[in-house]
Amino acid sequence: MSEFLDSGGLATPAPIGPGAAIVPEELAGLPPGPRPNDRLRFPGNMLHSLGNSWQRIMVAVPFGWMLLFFLIPFAIVLKIGFADSVVARPPFTPLLSYPDGDHLALTVTWDNFASLWQDDLYLRAYLNSLKIAAISTVFCLLLGYPMALAIARATRQTRNIMLLVVVLPFWTPFLLRVYAWLGILDTNGLLNRFLQWAHVTHAPLQMLYTPFAVYVGIVYSYLPFMILPLYASLERLDRTLDEAAADLGAKPFAVFRDITFPLSIPGVIAGSLLVFIPAVGEYVIPDLLGNASNVMIGRVLYDEFFSNRDWPTASAVAIALLLALVIPMILFQYLQAKQVDAP
Amino acid sequence: MAETLLRPDTNLPAGGVSAAIPDVTEPWRDSAAKPFIEIRGVSKQFGTFVALQDVSLKIYKGELFSLLGGSGCGKTTLLRMIAGFETPSSGSIIIDGQDMTGVPPYERPVNMMFQSYALFPHMSVFNNVAYGLKKDGVARAEIAKRVDEALALVQLRPYAERKPHQLSGGQRQRVALARSLVKRPKALLLDEPLGALDKKLREATQYELMNIQDKVGITFIVVTHDQEEAMTLSTRIAVMDRGQVYQVGRPIEIYEYPNCRFTAGFIGTMNMFEGVVLGLEDRLLRVKGKEGGDFLLAHPGAPVPDGTPVWVAVRPEKIRLSLTPVAATQNMVAGKVKDLGYFGGTTSYRIDVGDGRLVSVNVTNADRALALRADWDERVFLTWDPASAVLLTE
Amino acid sequence: MRKLGVARLVFGVGVAFLYIPIITLIIFSFNSSRIVMLWGGFSTKWYASLFHNGFMMAAARRTLEIGLTAATCAVVLGTMAGYSLARFGPFRGRTLFSGMITAPLVMPDVITGISLLLMFIAMGQLIGWPADRGMLTIAIAHITFCTSYVTVVLQSRLVALDRSLEEAAMDLGCRPLRILFDITLPIIAPALLSAWLLAFTLSLDDLVISSFVAGPGSTTLPLLIFSEVKLDVKPDVNALAAIVIAFVTIGTIIAGFVMASRERKRLRDEQLAFAAEAAARA
């Protein structure tokens, strides 16, 4: 009895969480509103005799973990990005210090960011990363959309097999899949030999260590990420919509243009973000398949950190990279939240 | 119980609270009887939405009580409140003399049968039924015995080792019933118990449910949106809409003596004529129709002052139809046949009584001449007895 | 439906694109020639050389150990987080919590890596732990990003789970924490398994984050392969790839087979139950 007295369930009627099953749908998204005793609440009033302790543990353990190993590290990057570079260990000046022994001084410098603007190595690397990611995303979409459509329109049994076929390479280690292209794109590689055998070319083409190889690598590695959300949104479509449009006189392409494609746009956006975001920060593929003159930002960051030991600049690059990705990331988070919350 | 349901009692005044002799089968007529479950002034808000508004109900031991209403009327919220899944914003719920405020679902002496049945997919039928007893720490031998009894009651003994997915819809429903009965709860709460069954199975199961309730003698509270189901099953029905209870009564009271326009319109079909009270004449009330014509009707309830705007309500089957004018000065309306549906034994008419106002009339085809002649656009005359109409004030 | 013909054609081309590199890896793992992609006859010598490569074997063991640890811990943490987000309704800090969970999904690996490394260094200076970087720091890094994936998988599974199952258990007298173990976790067991496999794969796959937080003597397989193949194609890496692919393929086929036969059995059971009832009613 005392347990639920503690939780305030008896004295004040517990406000209900919006998760309760019978809340009308239009109300489920209502803001919870101010509460006198804002504790964790189990949906409905299930909470009032839990004593809450196990629920606190359920939240606190993963919360603490992510705080310690995600948020705080990130704060440290921020801090170092605003610190001066020195030849020392660690190679940066402290942000907070006690210069005259008694009062705290905050030393912030924008120099690291200013140098990102001044040295066109960084800017070029940024623009290059964005360009490569964008072009790869377009190619993924061009290849992935018809594939997703073919899967979505297959019969139930074939559909599962087709999905499996598309997903299976994903379970093969990423590095090995990228590595496989080394042997194919090499000047003495399989593709060159095939082209010469087919008399398409007479001399071997330089394909490895070119932007072309990077595009191939990115499209190859991220294709499943494009296909799966596209398939999910196409599979959900009510086929009778197509039939209704056709019945009203639309030719197959018009049906696709007017009905299927517009309704699959959420899938297009989700898939494109899933390809674009990691592609911008990609490190392994350009490093293995690309060349030094076509550097991407991930590589710059890596080099600043490990080769130049310039931590503040590396941190500034990281912050700037993140800023470039903030809008697509927020968009992705929003889509994710919408997808998870809507059963 | 069936006796109670079928006993003709058409002289019952609306409300039915004034009976002098306490009836053991109708404890709600006895003001001294103690309700088994009492809902006292319960309200519930979700944000700004009012799900329940000051609902009070008294439910007696052994009743099969239905909460009837459309979707969003608050009936499910009320049921879940009795089970303990929702907390009232104000008011309280008393079960067998015990205030349930703050008592969590797992400590309440009631059990619920869920609309989806909520059978645990990873447990056999036996383990599903045994689950509640295990949680109560009942001895193993006792569990086996009681589960066996419960399965026998719902005729599922041979299926004890099956998993829920190996059962048909009707069998799942009976497992859910057995599971919620096996703990011998003080009341069984059923959320749309027949909703997931097909029409044919629903009828058979309806009677089975009544039989089982008769055997176990547990109070049943049923949430349903199906008025026919509520009419056949229940000892009493509470008609709900927008978080309020509009009328509580036996099925026959609800149908024959609706106390408001909502109940009248919700249960079956009702024709309503707007008018103003003229006065009492020879124990009959005279109402002046808004669209002309006088109505006379019996109104045994509380007196209504002259000049009150009212509605005279008549069921389609209580209206007589004739092709010739009737020598009557009241309860007579002329009109034209707008639509008719011929069902053989009966014909259902919709009569245009002017300005597009339609009156529904159901006629038993006892008179072949009438059935043959009352055709589209035919001019017809409608009459009814003063005792057949009901006066509604709101 | 000519449009679908085009889609099917592209599907075929796409599948060829996805599989040709993998198939060439396997074929050339049996190549006796050291020269890349030049067939010199059938041989299994690269498999032998792989198993005699102590570095490779040690790295593989480390990678598996980290993968098992990371996947298991991530499933525990992710279950707690997913359950909290799916079941506790609004609570203070929920937005921050779900933000911290989803952000690593979209964070570029280089940033995750650099921030964790800086964190470990700062901690080392402050409290002397971790004194050095190695398997532990890699495992911590992997647990962190795997937890995000596991949480998302389990949260969406829990949101889709019929809530009345848990309510029914509570109605029958079960306390909330007990319900988690009696009802919720057994029902979502398949999702737990696939979340674990996903986390395990992600951990085995990770190169960039590991390269930041690894220390001397904690080289994982991807790190080793990366440093080897940066210079040249290595036939024994082909052999390794072939082994991994064989494992994955066989595993997937078995899993698919088990699932398909279960599904068939379930369908048959259902049909039988309905047929029996129809017969009983007739």
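**View 1. Chain C is built from twelve helices and zero strands.** Helices (H or I, at least four residues) and strands (E, at least two) are DSSP runs numbered from the N terminus. This is a predicted model, in which local features need pLDDT of at least 70, side-chain atom pairs count only at pLDDT 80 or more, and totals for chains, interfaces and linings use all residues. Residues are numbered from 1 along each chain as its sequence is written, and chains are lettered from A in the order in which they are written.

**View 2. The overall extent of chain C.** Along the principal axes, the C-alpha atoms of chain C fill a box of roughly 75 × 60 × 40 Å.

**View 3. Burial and contacts within chain C.** Of the 282 residues in chain C, 57% are buried, where buried means under 20% relative accessible area with a 1.4 Å probe, protein chains only. Contact means heavy atoms within 4.5 Å. Among contacts in chain C between residues at least 6 apart in sequence, 69% link residues at least 24 apart.

**View 4. The contact between chain C and chain B.** Chain C contributes 26 residues and chain B contributes 33 residues. The two chains bury about 2,500 Å² between them, with 58% of it on carbon and sulfur atoms; buried area is the accessible area (1.4 Å probe) that two parts lose on being put together, summed over both. C:E167, C:D171 and C:L172 supply 27% of the area that chain C buries against chain B, more than any other three residues.

Methods: Side-chain values use heavy atoms; hydrogens and water are left out. Buried means under 20% relative accessible area, exposed over 50%, partly exposed in between (1.4 Å probe, protein chains only).
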